[in-house]
Amino acid sequence: MKITALIALLVVLGLAASKRWLVFGKEEASTVPTSSRFTVARGPLRITVEEDGYLKAKENVTIKPKFKGQGTITWLIEEGKNVAPDDNLIEFDKTQLETQISELENSLVQFEIELEGAKAELEIQERDNQASIEKAELTLQAAQLTLERYQEGDAPNELRKLNLAAEKAKSELERAKERFLKVPELVQQGFLTRIQEEEERITLREAEINDENAKKDLELHQNYTRRMELTKKQTDVKDGERELENARKKADINLKQKQAAHAQRERQVTSTKTRLEQQRTELGYYTIKAEKAGVVHYGDPEEPWYREEIKVGSVTWQGRTILTIPDLSEMQVLVQIHEADIDKIKKDQVVVVTVDARKGESFLSKITEIASVASSTNWSDESNKSFKVEITLDATPPDLRAGVTAKAEIQIETLADVLQCPIHAIVPEGGKHLAFVVKGAEIEEREVKIGKNNAHHVHILEGLSEGEEVLLYDPRSESGAGKSGEQKNGAAKEEESVIPGAPEAASKP
């Protein structure tokens, strides 16, 4: 019995020791500073997704040579300088190109004189050829009119006549048949003789033959005569077209000798003008001016390894980016949103942007682009995926610079008039959420139910009441029990912001 009582006493003492944090003496509770407590309050709770990023210009003007081949830089604007539209940015060596332009100008004068003489001879020959072409055109027009008259007049008239003849023959055949059907009766009655009967039979046969002939004439006209006449007249038109084409070709042949000299001079003048225009345009590419105002940066930000090659005396080529001038009139913030939060955001969602370089200011913005494919921003953890999101500022201050750090607070929703406390006052444990409530001289452990949260506060559904004080740390931990209020707050801010089990917790992952 003594051993049993001793064991029971030890168990009680062990439980008391293990629950020491549950009830503090008045002296210990009073040592918790005000800065380590929070009074549960009711009010609006903004649910947001917060992420750090950097400012960039929405559009960049890249300066690239347009000339063909290579060019040597003879003058280059200083990097970091502010430029206005039409300010000189780069000069390339023009010596060789200017010599070529001078030679082309001299050649052009000579070719234009020779072209003028060849043009006069060509005009004389062209007038001689005009008469033969006009004659062939008249012959073709006559054939075309003959064809048109046959199609619109002669052929339809002939067809109407044949149709009328066929109808007449058919009508006569029908009358002959009617009369012949009455002949036997008339013969029997004695009104007609056998000779008259034979005459009626012959008349019927003649009507049948006439009907067949009329039909055949109509068929021959439709199937052969009309087609033959139409083909002949169409052939006459084609012959006229060929004669006209031959006349034109003969005229061209007669002009060949004179045209050869003229064409050669014309080609020389045209090609020389084209080359001269190209060279003059090319010369304009050897001086590059600013299209928009901005700050000059050497090279291409996406190819920084070429930056050291941008200097006077360097040889460059067409299409290579020499300078970049960000268009600072419209700025964006680039952020990476964790895959756990990407479904909460959408285009045109309101975002509040703050910039480290502009303390106390915020800029209204909206989401303008969301990447459709996730990528890993941590090479050591390929499973940690995020999406690139572009946020465009509604208005860009003139002195805002690209490249500076910015924080984006994406507005998801606002819970109106809800009970809330700091997220660090809630301790997740074994699938539950605990809060440590100051009750006079004691600290009470209490299970609570939570709702949505942002990076700082959480919605309290059950377990706490408005006006109750909660600790901002876990008093059971050794690191929390011995800290001053200021130290405890600092530790709390370094804790993870997401509360396991919180529904749709919108915070930085």
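Two rings of Phe, Tyr or Trp pair if their centres lie within 6.5 Å. Keep that cut-off in mind for the first stop. The model on screen is predicted.

**Whole chain**

Start with a cartoon view. The protein has 509 residues, and 34% of them are buried. Six helices and 21 strands make up its secondary structure. Among contacts between residues at least 6 apart in sequence, 78% join residues at least 24 apart. The accessible surface comes to about 31600 Å², with 51% of it belonging to carbon and sulfur atoms.

**Stop 1: the aromatic cluster**

Select Phe67, Phe92 and Tyr286. These residues form one aromatic cluster. The whole structure holds three aromatic pairs. One of them is Phe67 with Tyr286, a tilted pair at 4.9 Å centre to centre and 40 degrees between the planes. Its partners come from distant parts of the chain, 219 residues apart. Phe67 sits in the loop between strands S2 and S3, and Tyr286 in the loop between helix H4 and strand S6. Phe67 is buried at 0% relative accessible area. Tyr286 counts as buried at 9%.

**Stop 2: Arg320**

Select Arg320, Tyr306, Trp317 and Glu309. The charged end of Arg320 sits over the ring of Trp317, 4.7 Å from its centre. Arg320 also lies over the face of Tyr306, at 5.1 Å from the ring centre. What is the salt-bridge partner of Arg320? It is Glu309, with the closest N and O atoms 2.8 Å apart. Arg320 lies in the loop between S9 and S10 and Glu309 in the loop between S8 and S9, so the bridge ties together parts eleven residues apart in sequence. Is Arg320 buried or exposed? Arg320 is buried, at 9% relative accessible area. Glu309 is partly exposed, at 39%.

**Stop 3: salt bridges across the sequence**

The structure holds 27 salt bridges. Select Lys58 and Glu330. Their closest N and O atoms are 3.6 Å apart. Lys58 belongs to strand S2 and Glu330 to strand S10, so the bridge ties together parts 272 residues apart in sequence. Lys58 is partly exposed at 33% relative accessibility, and Glu330 is partly exposed at 32%.

Next, select Arg307 and Glu79. This salt bridge has its closest N and O atoms 2.3 Å apart. Arg307 is in the loop between S8 and S9 and Glu79 in the loop between S3 and S4, so the pair ties together parts 228 residues apart in sequence. Arg307 is partly exposed at 34%. Glu79 is partly exposed at 28%.

**Stop 4: two loop aspartates**

Select Asp86. Its phi is near 75 degrees, a positive value in a residue other than glycine. Asp86 is in the loop between S4 and S5. Asp86 is exposed, at 57% relative accessible area.

Move to Asp348. Its phi is positive too, about 70 degrees. Asp348 is in the loop between S10 and S11. Asp348 is exposed, at 54%.

**Stop 5: a surface patch**

Switch to a surface view. Select Leu220, Tyr224 and Met228. Together these residues make a nonpolar surface patch of about 330 Å². Tyr224 lies in helix H4.

Terms used. Residues numbered from 1 in each chain as written. Predicted model: local features only at pLDDT ≥ 70, side-chain atom pairs only at ≥ 80, totals over all residues. Heavy atoms only, no water. Phe/Tyr/Trp six-rings, centres within 6.5 Å; stacked < 30°, edge-to-face > 60°. Helix = DSSP H or I, 4+ residues; strand = E, 2+ residues; numbered from the N terminus. Buried < 20%, exposed > 50% of the residue type's maximum accessible area, 1.4 Å probe, protein only. Lys NZ or Arg CZ within 6 Å of the ring centre and 35° of its normal. Patch = residues over 30% accessible without salt bridge, like charges linked within 9 Å, V, L, I, M, F, W, Y side chains within 5 Å. Areas by Shrake-Rupley, 256 points an atom, 1.4 Å probe, with all protein chains shown as cover. Salt bridge = Lys/Arg side-chain N within 4 Å of Asp/Glu carboxyl O. Contact = heavy atoms within 4.5 Å.
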